Amino acid sequence: MSHHSNRLDRDEELEFFEKMLSGGISDRILLIHADGGMGKSHLLREFVQECQNKIIHVAMDFKSGGISIPELLSRLCDAIGWEHFDNLSTLIQQFNTGTTINISENILLGQNKIAIEQALNAPDEETREKQRVAITDALFHDLRAFPKAVLIFDTFNDCDPVVAKWISGAFLTRACHAKNIIVVIAGRIIPEPALDWHGICHELVLHGIESKHFEEYAKSKGIKVHPERIRGICDAFNGRPLPILNQLEAYNLQERHS
Amino acid sequence: MSDDLLKNLSEAANDDEREWLVTKDLLDSLPENLQRVAYAASIPHWFDSKVLSALCPDLTEQIENLLEQLSHLPFVESFKDRGFNIHEKTRKLILDHFWVEDQDKYIAVSKAAENYFDNAIKASSEIANNQIKKLKDEIKEEDILQQKIQEWIDNNRKALQGFDPQYQIERIYHLVIADPEQGADAIWQQGVEWHDEFDYTYATLTSFIKAIHEHIDNGRVKDRAKYWVLYWEGVVASKQYQYLNAKKIFNHLMSFVSKDNRLWAMANEDLGDVHNQLSELPEARARYEEALPLYRAIGEKIGEANCIKALGDVHNQLSELPEARARYEEALPLYRAIGEKIGEMYTILNLADVASKEKKFDLAIQLAESTIETAKKISPSNVASAFNNLANIYEKKKDYPKAIEFYTKAMEIFTGSQAYMIRNRANVYLKMADAENAEKDIVRAEQIQPNNPFLFLRKGELANLKGNFEEAIIFFMKAIDIIPRFSGAFFGIGMSNLRAGKIQEAKISYQQGLSFTDAVDELEDTIEELEKLKSRQPSLLGVDDILEMLKTWKPDKK
C-alpha cells in the first residue's frame, strides 16, 4: 500500500500486537500470513509506529534480496548499536583470531559484516552450523539485557533459503527462551511452527477487508463513488485492499480530470 | 471502462485478469507523463528520482514532481534506503503486459536501466579508488590506513552504493533484456565471482539467480542466459550438499543444446563432481571425459588440468593405480604451466597417495614432503593439510609414532577447522590400542563436529577396544544413518558381533560391508585387524571364515 494511504481496518491485528507488547498474552512470536496486496507491509509499518520511542525494535524487509546471516546480524546490531553486543563481538573476535580484513578491498560490505562472514567461515558445513549456533547464542545473550526488544521481518517468502532455515531453527528456538524478545514474521510464506516454539507462537492470516471500510476510505478522500459499486469491486477481490484501492484511485483521478 | 467494470470483473477468466482490469484502469487514468513514468518505474526492482530520470531522460526537469505523485499511488511502496518500488503483484502484471504489447519500448527502458546501474557502479568505484589512493599516499602505517578508510566508508555510504551487490544484480537483470548475449556472459562472469563466498551461504548468488529467474519464468530470457542461470543453480545446490537436487538440475541443463563450450565443459565437470560425491564413479568418469575436450577446445588450462586430476581421482578410488598415476602426471605440468599452486600441491599429494598404496613409502614421503614449501606460499591450512597427508602415509607404513608426530604438527600449524586431523590421530591411537589417548582425541573432535560419520566410526571402534560391543554397534549404526554405503561401519559391526560370539550376524555385516567396497586395498585395515584378533584369541570361532571371505573378494568391475 502507499506509504501515505489512510489506514484501513486492521484494528484487531494491531490490538493483538499491543497485547504482545504489554505482556497481556503469553505469545511472543507472531507469524502473519497473507497473499500479495493484502496489506501486511502496511500493517508492519503500524507495528513499527507502535514501538517508536518506546521499545527497542528492528524491522527488516527481505524484499531487498541478498540478505545473508552476516548481513542480517550486522544490520540488527548496527540498528541497535554494537556497544550492546559484547558477547557477540567477543565471540566474533575469537572466531577471527589470526585473520585480517583488508577494508580497501571490501568497500561498503562493512567491517562488522566481513568479521561475521569470516567468523562463520569454515570448510565444512557441520563446523559452520556449530559456529552459527554459537553466534546465535551470543546474540540472544546480549539481547536479553534489554527490558524488551521487538524484531520484525517482512517478506519472509523472499528470504534466502539458508537464512530462512536459520530463522526457523536456531533463531526462533532461542527467541522462545528469551522472555523479553518479541518476533514478528510476515510473508506469503511463513516459517513452519516447530515443536519447541509453537507454544508461544500465534499465526495470523490476513483476510480481506469489509466493504464498509473502503466506503469510509473513499468518503475520507473525497472520492465520489456509489457504495453499491464499491461493494461490487470488494466482492470481486474478496476484500483484498491493493486492487480495490487501485480502482478507487482510478475513480479519483477520472473524476478530477473530467 | 468504469461503467462496464463490474461486468468485466465478473467475466474475467482468473484473478490476474481481474487485477489487470483495475490496474490498467488506474494507469489509463494517469496524466500522460505520470503514466509513462509508472510504466518505466516497473522495469527496475526499485527507483528514486535519479533512476527515473535515467529511464525517462526527457522528463528530467519534472521528475521530482512526478515521483511525488507516483509515490501516492496505492501500488507504490517505500523501499528502505533506495526510494520506492512498485508492489510485487502490480509490477508483475505491468511487466507481463508491457513485454507483450511494446517489447521494443521494454528493451529500450531496460537498456537505459542497465546504463544507469553500470554508471552508478563505475562512479562508486572511481570515488573509492581515488580516495583510497589519496589515503595510501598520505598514510604509511597499515593499521591507521585501514582505520581511516573505514571511517571514510562509513561517512560516504550513499556515494559508495554501487558496491552493493544488488546494484550489480540489477545491472545484469536489465542487461539480459537489453543484450541477451552480453547478459549471458555477465551471468557467467558474475557467478564465478560470487560462487565462492566467505560464509558459504551463497546468499548473493542465490539472490542473483532469483532475479534473472523472474525473466526466465515469464519467457523474456532464453537460451544461453537461461542455461547459465541453471548452471549456477546446480552449483549452489551442490555447494549446499544437495547432491540429488544438483544432479537433477545439471541433467535438466544437459537436456538443452548449446554451442557454449565453456558452459558445457563446466556443467559436465560439476556434474562429474556430484556423481563423485554420490559414489557414482563410472558416471563421474563419463562426465569428466566429456568436459575434457571442451576445455581443450576453448584453451581453458585450469579446467583441463582439473578434469585430468578428477579422472585420476576416480582411478585412485577404484585402485586403478597405474591409470591414476598417469592422469596425475598429466595434470601436474599443466598446473605448473599456469602457476596454479593449489592444483599442483594436491596433485603431488595424490601421487604420494598412489605411491603409498603401492607400498612405495619412501617415494610417498618424499613427494608429500616436497609439497610443504609450496603449501607455505598458499596458506597455513594447506601446510596443515600437507602434514596431515604425510601422517596418513606413516599411518599406512605402520610407523605410528611418526604418524602421531605429523598429525600433531598439522594441528599446531592450523588451529582452525581440524576435526578431521584429530579423528585421524584418534584412529592411530586406536590401532596402537591406546584407548586413553584415543578417547581424549575423540572427545575433542566431538566438541568441534558432533555429528560426523567418521566420529561415530571412531567411537564405535573405541567401544570395541573396550569390549563394549552393544554400545559399539549403536555408534556404527549412527555412522550408517549418515552414509548408507559406509563399508567401514559395517565391518565395525561385524567385529562387534564376532567378538560377542555372534558369528552369523558378523558374517552378514562383513558381507554388507563388502557390497559397498570399491577396491581391494580398502580391506587392508579390516584384514589386519582380524589377523591380530586371531593371534590374540586363536580359539575364537568364525574368524578364519571371514578372513577367507575378505581375502578372496574381488570388486565388481561393472
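How are helix 19 of chain B and helix 20 of chain B oriented to each other? Helix 19 spans residues 361-378 and helix 20 spans residues 380-396, both in chain B. They pack at an angle of about 170 degrees, with axes 8 Å apart. The two helices are therefore roughly antiparallel. That label applies to angles over 145 degrees; under 35 is roughly parallel, 65 to 115 is roughly perpendicular, and the rest are oblique. Axes are lines fitted to C-alpha atoms, for helices over the stretch in contact, and angles run from 0 to 180 degrees between N-to-C directions.

Some ground rules. This is a predicted model, where local features need pLDDT of at least 70, side-chain atom pairs count only at pLDDT 80 or more, and totals for chains, interfaces and linings use all residues. Residues are numbered from 1 along each chain as its sequence is written, chains are lettered from A and ligands numbered from 1 in written order, and side-chain values use heavy atoms, leaving out hydrogens and water. Helices (H or I, at least four residues) and strands (E, at least two) are DSSP runs, numbered from the N terminus.

Back to the helix pair. Contact here means heavy atoms within 4.5 Å. On helix 19 of chain B, the contact residues include B:F361, B:I365 and B:I372. On helix 20 of chain B, they include B:F387, B:L390 and B:Y394. The residues of this contact divide into 13 nonpolar, 2 polar and 3 charged. Nonpolar covers Ala, Val, Leu, Ile, Met, Phe, Trp, Tyr, Cys and Pro; charged covers Asp, Glu, Lys and Arg; the others, Gly among them, are polar.

Next, chain A. Its secondary structure comes to 10 helices and 5 strands. Of its 258 residues, 58% count as buried. Buried means under 20% relative accessible area, exposed over 50%, partly exposed in between (1.4 Å probe, protein chains only).

On to the rings. Rings of Phe, Tyr and Trp (its six-membered ring) pair if their centres lie within 6.5 Å; planes under 30 degrees apart are stacked, over 60 edge-to-face, and the rest tilted. Over all chains, the count is 28 aromatic pairs. A:F17 and A:F47 are stacked, 4.0 Å centre to centre with 5 degrees between the planes. A:F17 lies in helix 1 of chain A and A:F47 in helix 2 of chain A, so the pair ties together parts 30 residues apart in sequence. A:F17 counts as buried, at 0% relative accessibility. A:F47 is buried at 0% too.

Chain B has an edge-to-face pair: B:F117 and B:Y167, with centres 5.5 Å apart and planes at 75 degrees. B:F117 sits in helix 7 of chain B and B:Y167 in helix 9 of chain B, 50 residues apart. Both are buried. In chain A, ring pairs link A:F62, A:F140, A:F153, A:F156, A:W166 and A:F171 into a cluster.

Last, two loop residues. Most residues other than glycine have a negative phi. A:N238 has a positive phi, near 50 degrees. A:N238 is in the loop between helix 9 and helix 10 of chain A, and counts as exposed at 64% relative accessibility. B:S319 also has a positive phi, about 60 degrees. B:S319 lies in the loop between helix 16 and helix 17 of chain B, and is partly exposed, at 24%.
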